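Please open the structure in your viewer and keep the selection tool at hand. The stops below are given in the order to select them.

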Amino acid sequence: MTQATSTASPGALPVDELDELLAKHPFGDSDYVTSRLHACYRRRLESIGDRLPLAREVLDALDRADAQTRYRIVGDTVFRCAVQYLHVQIEDEIPYGIPSEHCREILRRAIRNLDAGVPGLLGPELSDHLGTASHYGWVWRDDGPETVVTDAFRDIVAAHYGLTLHTPGDDELAMVAKAVRLLEEVLPKVTRSVLSHTHLLAVFAPVGQWEATRSSSEYKVSGTIFLNQRTLCNPWALAEHLLHESLHQQLYDLRAGHTLLVPDFARADRPLVHSLWNMPDSTRGNHWDVHRALAAYHVYVYLALFTRAARESDGDRQYTKRYGPIEMTGPRTALARARYLREQIGREQYRRELGPAGHRTVDWLDTVLDVVDPDPQVEESFVHLLLDRFWREASMIRSMASDDTIDAEVRSLIPGLLADEVQCARSALTAIGHDPTSFDQAVETSEAQEPFERFASVRKVIAQTLLDACPRRYELSPARDVDEGVRDMVERSSAVLMKALDR
């Protein structure tokens with residue numbers, strides 16, 4: 001698609017055209033992706049059919065079933081896991097996943113439901129849906145009866161996540177429906193396509209290590225997305241996370257039926273992409289393999305379209321009147337992350353990790369990104385991404401001000417850390433010929449604040465001043481020496497905070 005063929009006014013985002021393009025492209029077309037996914041599961045069942053006659057019975061039942069029943073059965077997380085577990089147990093002759101007899105009972109249940117026209121395994125035992133259309137999945141309830149299927153789902157979640165499942169109340173379910181309507185209004189065709197890959201939404205309680213996680217998906221638990229209960233409070237934030245995790249499901253389904261990655265992409269010495277905006281931890285969780293980087297790129301391209309379309313279509317407040325103020329990742333943030341990931345994945349050491357379908361997916365997303373973001377930042381720029389993390393760390397520290405469990409050692413680190421950051425920022429400004437007077441004044445006005453509050457305030461001043469001082473977006477100096485100095489400052493401070501907070 002080119003601007004010349006778009007019906008949108010000059011300079012406007014061609015939302016309708018992009019909505020249709022993303023839903024019709026083979027890798028965005030839910031019918032095509034689902035058909036290849038089904039072929040993948042058929043191959044797995046066929047490969048064990050000689051040693052497990054039950055697998056051939058499932059294949060026969062799939063052939064007899066109508067399309068909707070077949071779609072829901074193969075989309076069901078418990079069915080998928082049972083097939084995969086049995087495949088490994090039989091082929092490799094090792095214990096894997098839930099016990100073999102439980103897997104076999106799940107397949108027997110699948111045959112009965114396929115023959116009876118019952119769409120799915122988990123779904124029919126639940127009462128709540130994401131939406132009213134047939135392509136919308138169900139919402140998990142943890143207060144339902146215990147059956148072989150629901151017990152298997154709980155076992156799968158416990159093994160892969162270890163989180164506490166939550167049963168949404170009526171108000172929370174209403175918020176889910178509201179978020180789906182919002183997505184449908186902004187990007188109707190994309191929403192219909194993408195959400196069709198989410199067969200189940202499970203809400204988890206914000207406790208323990210999952211307190212700060214907003215949402216999650218995993219390839220080995222495909223078909224189900226997990227959302228933090230706290231995301232069910234705002235339709236914009238909830239719509240963002242529904243779209244985000246459902247896009248992961250779409251890519252998982254694409255991966256199952258295509259050569260998205262090279263066979264050994266998960267090897268120990270695989271190249272990793274550093275997601276600069278994420279805080280580091282002891283597991284190096286902000287360093288991603290190519291699959292995760294591609295999944296994030298996929299999400300940020302779509303998210304940039306969604307958030308741009310919503311904001312640019314809201315001139316008459318048609319959305320904010322019904323859904324409240326727009327509170328989600330901004331278009332510039334989504335675009336900046338998408339651009340960075342595009343540059344990283346485009347490097348040879350990462351491109352080598354992609355299979356043929358992976359290359360085609362990247363090329364497709366590149367084309368869409370150029371339309372959604374016709375005025376990108378300077379190539380290979382990174383300061384804005386680091387300062388995003390810098391500010392988020394500050395917000396985290398400020399939230400700890402009243403936390404009595406934060407020991408004195410952590411509190412004593414803050415003044416010295418802040419003094420070093422102020423000096424580094426001032427040196428960067430001086431190096432690019434930027435008058436630091438207003439910066440110094442802004443820093444001085446915060447001196448009377450409580451230490452954690454001052455830490456957040458001054459970090460905000462540092463981040464905003466450095467971004468505003470960039471002669472080109474977002475580059476401080478053409479030689480990048482000043483930019484690298486800012487990188488050193490942020491990484492040094494992150495390391496101190498990570499160690500102090502035992503992340």
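The expected span of a helix is 1.5 Å times one less than its number of residues. Keep that rule for the first stop, and note that this is a predicted model.

**Stop 1**

Select residues 481-500, which make up helix α20. The helix has 20 residues, and from first C-alpha to last it reaches 29 Å, close to the 28 Å expected.

Within α20, colour the buried residues: Val-482, Asp-483, Val-486, Met-489, Val-490, Ser-493, Ser-494 and Leu-497. Where do these buried residues fall when seen down the axis of α20? They lie within an arc of 125 degrees, so they line one face of the helix. An α-helix has 3.6 residues a turn, so residues three or four places apart point the same way.

Now turn to the face directed away from the buried side of α20, where the exposed residues Asp-481 and Lys-499 are found.

Then go past the end of α20 to Asp-502, which has a positive phi, near 55 degrees.

**Stop 2: a charge over a ring**

The charged end of Arg-487 sits over the Phe-382 ring, 4.0 Å from its centre. For another case, select Arg-255 and Tyr-219: Arg-255 lies over the face of Tyr-219, 3.7 Å from the ring centre.

**Stop 3: rings beside rings**

Next, show the aromatic side chains; the structure holds 12 aromatic pairs. Begin with Phe-204 and Trp-210. Their ring centres are 5.5 Å apart and their planes are at 65 degrees, so the pair is edge-to-face, as planes over 60 degrees apart count as such. Phe-204 is buried, with a relative accessible area of 0%, and Trp-210 is buried too, at 12%.

Another edge-to-face pair is formed by Tyr-302 and Trp-364, with 6.4 Å from centre to centre and 80 degrees between the planes. Which helices hold these two residues? Tyr-302 is in α11 (residues 290-312) and Trp-364 in α15 (residues 356-372), so the pair ties together parts that are 62 residues apart in sequence. Both Tyr-302 and Trp-364 are buried.

Technical notes
Residues are numbered from 1 along each chain as its sequence is written. This is a predicted model: local features need pLDDT of at least 70, side-chain atom pairs count only at pLDDT 80 or more; totals for chains, interfaces and linings use all residues. Side-chain values use heavy atoms; hydrogens and water are left out. Helices (H or I, at least four residues) and strands (E, at least two) are DSSP runs, numbered from the N terminus. Buried means under 20% relative accessible area, exposed over 50%, partly exposed in between (1.4 Å probe, protein chains only). The arc is that of the directions from the helix axis to the C-beta atoms. Rings of Phe, Tyr and Trp (its six-membered ring) pair if their centres lie within 6.5 Å; planes under 30 degrees apart count as stacked, over 60 as edge-to-face and the rest as tilted. A charge sits over a ring if NZ of Lys or CZ of Arg is within 6 Å of the ring centre and within 35 degrees of the ring normal.
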